[in-house]
Amino acid sequence: MSIRRYPAFYFAFLGKTLKSRAADPGDFWVEVLSVALYQGLGIAFLSVVFGHVTELAGWSFGEVLFIFGAFQVVTSLFYLFFPWTLWFSDHYLVRRALDVILVRPMPPFLQVMAEGTGAGLSELTGVVLGAGIIAFASQTIAWRPTATDLALFIVALFCGVLILGGMFTSLAMLGFWAKATSSAATPLMEILEFAQYPLTVYPSWLRWAFTFFLPLGFVAFVPSAMVLGRGARAWVGFGWLWAVGIWAFAVLLWRRGLRRYESAGS
Amino acid sequence: MIALRQCRAILAIQLRVALSFRTDLVLQLIRSLLSIVVYYCLWRAVFAAHPQAGGLDFTFMVAYIVLVQVVHNLTRPPDLARELAQGIQEGGIVVHLVRPYALHLYFLAETLGAVAWRVVWVALPLFLVALALGFPLASAAQVGLFLASLPFALVTNLSIEMTLGLAVAWLRQNEGLIQFRNFLQSFFSGALVPLALFPPPLSALARWLPFRSTVDVPLGLYLGYLGPESLMIQASWALGLWLFSLYLLVRARKQLTILGG
């Protein structure tokens, strides 16, 4: 099948998932509610803290809220496109759902992506609410972005999504070698929490680690700092290096993993 | 007496069940430690800018965030609300209902079985980390009151959990309720921010809700900002909510029809 058919294929899968999800709108609204409540909790925390201080490690309430909003947008997009990384090992490897994928005449990775996307559709709420938080924060700090700023910001946030996606994809691929990595994603999800606050809050060794070892700084902090005029644009370029590097690694793992995968015939 | 013996027997089984999830215990410890690190850094930044924010200081705050994790690990029941909901919807709960024990005691034993291992595997390591961070040791009386408040916190948590689970006998699903509870409890229990830092209307509201029994009261007793009388209020909430969930169970049993097969 030619590469031009891939998008159509992807949307066909998405449509299929949407239809099955539409059968139970109640679940959808409950998920929307939980996303909203979860973000509300973060805002409640920041509001109470800023009831007592005017700045947090050099960042005002508006700026911290801006970073928080960017974090929500990036993580929601990540959960929208890559939720399957959380159950890849269990569903595709342990329960052998990969067998079905491998006999279809489409690139397996595209199929896995397509099957997973609709599952987290309510994460779109997170994207919308996150954008709302960013808009509100921009008002608070009177941020007047130029068109270039906005474009760069979106490119940088997109890089954040790719970094997260690559990290969790690589982790999921490890399932080809070790059978139980689904639980390894849990601590990583907890570590993500670090990325929603300004990195200046953390001691220098942690800041260093989140830049050069586990690139969580590029998820929300670097994009925000850049467009708020408090960080160099070059850092975003460095973020893209990370994104490309992680995905090269993920692709390598995927190829080797597929070669290693032996289906249980029955 | 029979109830007690039954409870002990179920507990012995639950202890063995919980031990087979040893990885979960380690992951739980890692999660708690990560959470402590994030909040340690955040509050350090807060108190660096404002050493006396809300009349508290950084040493108090360090003790607070560690104790939140300790209390969580020692009083939080397993995911019973979802377990119960599934049991009611799919009929699996009948397995418990036909057996000769009280469902409440079963869930209490299940909770204790999960909590017992966390004492050694999670709470103790957390406590050692806390000592390294400069954790203030309380007086014997305060420690005694703190320990006395833990069972009430556990029963409060368990009763809320069972109430949410039993609600499925009347509702189509309880996921929305669970999420709403998580939100209210995280905020109004004092787990996220000490109630002392709340704006006055919110802290007044928090004092009238049962959620503070699960975090604020044990912590207040340990850190000395609450007196023994709050233990009485906490005990009343625990008893009241426990009786309410018992009443709901009786009502739910009448509501429920499960076909044999």
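A word on conventions before I start. Residues are numbered from 1 along each chain as its sequence is written, while chains are lettered from A and ligands numbered from 1 in the order in which they are written. Because the model is predicted, local features need pLDDT of at least 70 and side-chain atom pairs count only at pLDDT 80 or more, whereas totals for chains, interfaces and linings use all residues.

Let me take confidence first, where pLDDT is the predictor's confidence in each residue, from 0 to 100. Chain A averages 89, and 96% of its residues score at least 70. Within chain A, helix α1 (residues 6–22) has the lowest mean, 82, and helix α3 (residues 61–81) the highest, 96. Where pLDDT is low, the predicted coordinates should not be read in detail.

Staying with chain A, helix α6 (residues 108–117) has as its buried residues A:V112, A:A114, A:G116 and A:T117, buried meaning that 20 or more other C-beta atoms, placed from the backbone, lie within 10 Å of the residue's own. The cover over these residues includes α1, α3, α4 (88–94) and α5 (98–103) of chain A.

Turning to chain B, the secondary structure comes to eleven helices and zero strands, a helix being a DSSP run of H or I of at least four residues and a strand a run of E of at least two, numbered from the N terminus. The C-alpha trace spans about 65 × 40 × 30 Å along its principal axes, and buried residues make up 39% of the 261 in the chain. Of the contacts in chain B with a separation of 6 or more, 81% join residues 24 or more positions apart, a contact requiring C-beta atoms, placed from the backbone, within 7 Å.

So how does helix α3 of chain B pack against α10(B)? Helix α3 (residues 58–75) and helix α10 (residues 216–223) of chain B pack at an angle of about 135°, with their axes 10 Å apart. On the α3(B) side, B:F60, B:A63, B:Y64, B:L67 and B:V71 meet B:P218, B:L219, B:Y222 and B:L223 of α10(B).

The axes of α3(B) and helix α7 (residues 140–166) of chain B come within 9 Å and cross at roughly 65°. Here the contact is made by B:V71, B:L74 and B:T75 of α3(B) and B:L150, B:A153, B:L154 and B:N157 of α7(B).

Definitions and conventions
A residue is buried if 20 or more other C-beta atoms lie within 10 Å of its own, exposed if 12 or fewer, and partly exposed in between; C-beta atoms are placed from the backbone. Two residues are in contact if their C-beta atoms, placed from the backbone, lie within 7 Å. Axes are lines fitted to C-alpha atoms, for helices over the stretch in contact, and angles run from 0 to 180 degrees between N-to-C directions.
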